[in-house]
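Please look through the structure shown here, and keep the sequence beside it as you read.

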Amino acid sequence: MDWDDLRIFLAVARAESLSGAGRRLGVDASTIGRRIARLEGAVGAALFAKTPQGYALTAEGARLVAPAEAAEQGANAAAEAVRREAGLTGQLRIGAPDGCANYLLPQVARDLCAAHPGLEIQIVALPRVVNLTKREADMAVAVSPPDTGRLTVQRLTDYHLHLAAHQDYLRAAPPIRDLADLRHHRMIGYIPDMIFDRELDYLSETGVQSAAITSNSVSVQMQAIRAGAGVGIVHDFAIPFAPGVQLVLPDRVALTRSFWLIRHADDRASRRLSLLADLLAQGIRAEVARLEALLAGPSLRRT
């Protein structure tokens with residue numbers, strides 16, 4: 001059985017579509033379809049059933065997943081064994097919630113690529129939990145540890161969040177001296193039914209029941225705050241990227257959350273991925289600390 005056919009089989013199983021597998025592998029969907037047909041001919045059974053939702057594994061296909069993943073691990077180990085020791089190379093795909101992806105990972109990726117010129121880093125920013133089982137990424141940053149799946153979990157760092165608003169908004173709006181004053185202000189937050197992790201339910205901790213402007217994206221919320229649209233909870237590490245945004249009631253509303261690095265359990269045997277995970281963890285910790293320290297600067301006044 002050809003390993004390359006198994007590689008394509010796994011890509012279709014994870015993406016649940018020919019086009020999705022093709023995008024991940026850089027191969028057109030028609031070629032993916034022919035290779036799957038060839039593999040099905042070799043094993044003498046249909047491996048996928050086409051449904052309105054995409055390509056679903058048949059019982060025979062599901063039985064092939066474990067040996068195909070074992071072959072994948074063997075191929076990765078062989079590639080790693082012959083990789084030059086001069087530096088880390090190849091592709092690394094990192095999944096992350098959009099706050100981390102927008103405000104932390106670009107700087108971390110810059111430094112990693114500068115230290116290892118042969119490294120290609122892909123940042124997947126998703127307003128949901130990244131599915132490592134389907135290999136949507138090689139590793140993922142999450143805001144809470146998963147409780148299911150064959151995964152390894154490493155705590156990265158705590159980070160902090162506060163109420164914030166743009167200085168132009170604060171000058172024109174009624175003063176905010178206490179939490180009760182927030183009822184006179186336009187609030188910005190998450191779309192309630194699109195909060196994919198309980199750790200993101202920030203506004204409920206302020207007593208605010210609803211928001212006038214909502215988005216499933218941290219970056220969109222921050223841009224609305226920066227535009228003077230209202231008051232919302234923001235990551236401290238994002239404030240240095242938003243001139244004019246300042247903390248509101250920092251002594252009354254101060255949230256702490258944590259980032260976690262999630263990896264597939266089978267990847268523990270990969271020295272390359274373990275080294276990259278260590279470097280990624282170090283970079284995220286350092287960048288959170290650097291950006292949060294900037295809040296002490298005079299340009300980020302508190303009200």
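Of the 64 residues in the largest nonpolar core, Phe237, Phe259 and Ile284 are the ones that touch the most other members. A nonpolar core here is a set of buried Ala, Val, Leu, Ile, Met, Phe, Trp, Tyr and Cys residues joined through side-chain atoms within 4.5 Å, where buried means under 20% relative accessible area, exposed means over 50%, and partly exposed lies in between (1.4 Å probe, protein chains only). Helix α9, which spans residues 271–293, gives the most to this core, with eight residues; helices (H or I, at least four residues) and strands (E, at least two) are DSSP runs, numbered from the N terminus. In soluble globular proteins, nonpolar side chains tend to be buried together.

This is a predicted model, in which local features need pLDDT of at least 70 and side-chain atom pairs count only at pLDDT 80 or more, while totals for chains, interfaces and linings use all residues. Residues are numbered from 1 along each chain as its sequence is written, and side-chain values use heavy atoms, with hydrogens and water left out.

If neighbours within four places in sequence are left aside, Phe237 is in contact (heavy atoms within 4.5 Å) with Gly99, Tyr103, Leu104, Tyr159, Phe259, Val288, Leu291 and Glu292. A second, separate core has 17 residues, among them Val12, Ala13, Phe48 and Leu64.

Which residues, in the loops, deserve a look at their backbone angles? Glu16, in the loop between α1 (3–15) and α2 (18–25), has a phi near 60°, a positive value in a residue other than glycine, and Glu16 is partly exposed, with a relative accessible area of 33%. Leu249, in the loop between β10 (245–248) and β11 (254–264), likewise has a positive phi, near 50°, but Leu249 counts as buried because its relative accessibility is 8%.

The loop between β11 and α9 holds Asp267, which is buried at a relative accessible area of 7%. Beyond its neighbours within four places in sequence, Asp267 is in contact with Arg135, Asp138, Leu273 and Ser274.

Finally, the structure holds seven aromatic pairs, in which rings of Phe, Tyr and Trp (its six-membered ring) have centres within 6.5 Å, with planes under 30 degrees apart counted as stacked, over 60 as edge-to-face and the rest as tilted. The rings of Phe9 and Phe48 have centres 5.5 Å apart and planes at 50°, so this pair is tilted. Phe9 lies in helix α1 and Phe48 in strand β1 (residues 48–51), 39 residues apart, so that the pair links distant parts of the chain. Phe9, Phe48 and Tyr55 form one aromatic cluster.
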